[in-house]
Amino acid sequence: KQWYQRRVRGDFTFSKTIIEKQRTEATNLEKAKNKAYPPLIKWLKGNFSEAFLNWTHVKALRLFTESVLRYGLPATFMTAILEPNKKSEKKLREKLFAMYGTLDKNASDSTDLGDIPAMFLTGDYYPYVYFDINTAFVENVRDF
């Protein structure tokens, strides 16, 4: 048998009652979804802050782990959250590199990332521990 003959379950038979039944079922499901949507959004708005708080806590644990892996114990470091403008991001990176460039010998503009002691090395490498926090979670939400 050919591959298409093995996958076909049976011949198609047109039945107006089956099509109407499927359309009715689809409209009922759409109505149920629209009915359940407002309570879901209300629940999400109420619980988002707790989820975001837990997510930032995981980021803080990751920051601590990465700092200990790079610089060792005792863990004496400063944590800061910075939100630069798009225009000033390059200038901020240059100033941070000037301030903390001596912390890590591997961090230079042309570094081979093979021997860097990092647990979560993703993207660019800096002499300071850097994580990007994306806060654009929802772009389009219907308000109810």
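These are my notebook entries on a predicted model of a single chain.

**Entry 1. Ground rules**

I number residues from 1 along each chain as its sequence is written. In this predicted model, local features need pLDDT of at least 70 and side-chain atom pairs count only at pLDDT 80 or more, while totals for chains, interfaces and linings use all residues; side-chain values use heavy atoms, with hydrogens and water left out.

**Entry 2. Confidence**

I looked up pLDDT, the predictor's confidence in each residue, from 0 to 100. The chain has a mean pLDDT of 77, and 74% of its residues reach 70 or more. Confidence is lowest in helix α1 (residues 3-7), with a mean of 60, and highest in α2, with a mean of 90. Where pLDDT is low, the predicted coordinates should not be read in detail.

**Entry 3. Overall make-up**

I listed the secondary structure from DSSP runs, numbered from the N terminus (helices are H or I, at least four residues; strands are E, at least two). The chain has three helices and zero strands, and its pattern along the sequence is α-α-α.

I then looked up burial, where buried means under 20% relative accessible area, exposed over 50%, and partly exposed in between (1.4 Å probe, protein chains only). Of the 144 residues in the chain, 12% are buried. The accessible surface of the chain is about 13000 Å², and carbon and sulfur atoms account for 57% of that surface. These areas come from the Shrake-Rupley method with a 1.4 Å probe; for residues, only the protein chains shown count as cover.

For contacts I used heavy atoms within 4.5 Å. Among contacts between residues at least 6 apart in sequence, 66% join residues at least 24 apart.

**Entry 4. Course of helix α2**

A straight helix of 56 residues would span 82 Å, whereas α2 spans only 72 Å between its end C-alpha atoms. I also found a bend in α2 of about 45 degrees at Asn 47. The bend at a residue is the angle between axes fitted to the seven residues ending there and the seven starting there.

I searched for aromatic pairs: rings of Phe, Tyr and Trp (its six-membered ring) pair if their centres lie within 6.5 Å, and planes under 30 degrees apart count as stacked, over 60 as edge-to-face and the rest as tilted. The count by this rule is two aromatic pairs. One of them is Phe 48 with Phe 52, which is stacked at 5.9 Å centre to centre with 25 degrees between the planes. Both residues lie in helix α2 (residues 16-71), four residues apart, about one turn of the helix. Phe 52 also pairs with Trp 55, in a tilted arrangement at 5.6 Å centre to centre with 45 degrees between the planes. Phe 52 and Trp 55 are three residues apart in α2, again about one helical turn.

I recorded Phe 48, Phe 52 and Trp 55 as one aromatic cluster. Phe 48 is partly exposed at 42% relative accessible area, Phe 52 is partly exposed at 28%, and Trp 55 is partly exposed at 29%.

**Entry 5. Buried residues of α2**

Which residues of α2 are buried? I found Ile 41, Lys 59, Leu 63, Glu 66, Ser 67 and Arg 70. I followed two of these further.

Lys 59 is buried, with a relative accessible area of 17%. Not counting residues up to four places away in sequence, Lys 59 touches Asp 132 and Ile 133.

Ser 67 is buried at 6% relative accessibility. Leaving aside neighbours within four places in sequence, Ser 67 is in contact with Gly 72, Phe 77 and Val 129.

**Entry 6. After α2**

The peptide bond from Leu 73 to Pro 74 is cis, with omega near 0 degrees. Pro 74 is in the loop between α2 and α3 (89-100).

**Entry 7. Tyr 100**

Tyr 100 touches Met 78, Pro 127 and Tyr 128, not counting residues up to four places away in sequence. The C-alpha atoms of Tyr 100 and Tyr 126 are separated by 9.0 Å, with the two residues 26 apart along the chain.

Key. Expected span 1.5 Å × (residues − 1).
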